[in-house]
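Dear colleague,

Please find the structure below.

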Amino acid sequence: MRHTEEETQATRERIMLAALDAFAREGWQEATYEQIASAAGLTRGAVHHHFKSKTDLLQEALEFGWLAYSERLLAHLERTGSATQRLRNFIADYITLLDEDERFKALAANTVLIAPVALGPSATQSHAIDHWRSAITAALAEAEPPGPIPAELASRLIVTLLLGLTAAAVRRPADLPQPAHASTIAAGLTNALLTTSPRPST
């Protein structure tokens, strides 16, 4: 039976989602085509028909996964309003997604922990992280008055925090801030980066 283009794409999406979950749960070396196929409700041969190697599968799964979330997250930074509020919303939503959305946690874990080992530093996931940093830098640069830390440096600090939160969500989930505290944490961080402390009087 010949499959339609829509059916083929739906099958590929099932495989990619199953792969992200398997890589995040089992690790890059340990995750097998058989595990991915079983989770997707397919045979190993069917998975191999669509993706000739694990690296091809991971690369395409990352691209597919971020299409579903980048627009939501980066929309916080691109909306109108103060730079402080936009940045707070972005960080708070990232924390909330890590805790509440298993699909996002698997995607983030693959981006931060799996892809650098499997694909190297110049792969898709690095471009995705660079895109976050560029959007954060642009928002910080609009702050009035400017914060005490240059926008480029502050954006690197925020990305480092996000990477650390992602690692914690996988390896030490008890240390991950709860969504109920996400707004408070985001507010404290952005205040530190964007509020210029008054100089002591002489």
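The largest pocket has a volume of about 150 Å³. A pocket here is an open set of points on a 1 Å grid over the protein atoms alone, where a 1.4 Å probe fits, with protein on both sides within 12 Å along at least five of seven lines; lining residues have an atom within 4 Å of a point. The volume is the space filled by probe spheres set on the points, which are joined across faces, edges and corners. Helices α1 (5-26), α6 (102-118) and α8 (151-171) each give two or more residues to the lining of this pocket, and α6 gives the most, with four. Helices are DSSP runs (H or I, at least four residues), numbered from the N terminus.

This is a predicted model: local features need pLDDT of at least 70, side-chain atom pairs count only at pLDDT 80 or more, and totals for chains, interfaces and linings use all residues. Residues are numbered from 1 along each chain as its sequence is written, and side-chain values use heavy atoms, with hydrogens and water left out.

There are six aromatic pairs, counted for rings of Phe, Tyr and Trp (its six-membered ring) with centres within 6.5 Å; planes under 30 degrees apart are stacked, over 60 edge-to-face, the rest tilted. Trp-66 and Phe-104 have ring centres 5.8 Å apart and planes at 90°, so they are edge-to-face. Trp-66 is in α4 (residues 54-78) and Phe-104 in α6, 38 residues apart. Both are buried (under 20% relative accessible area, 1.4 Å probe, protein chains only).

Regards

Terms used:
Buried means under 20% relative accessible area, exposed over 50%, partly exposed in between (1.4 Å probe, protein chains only).
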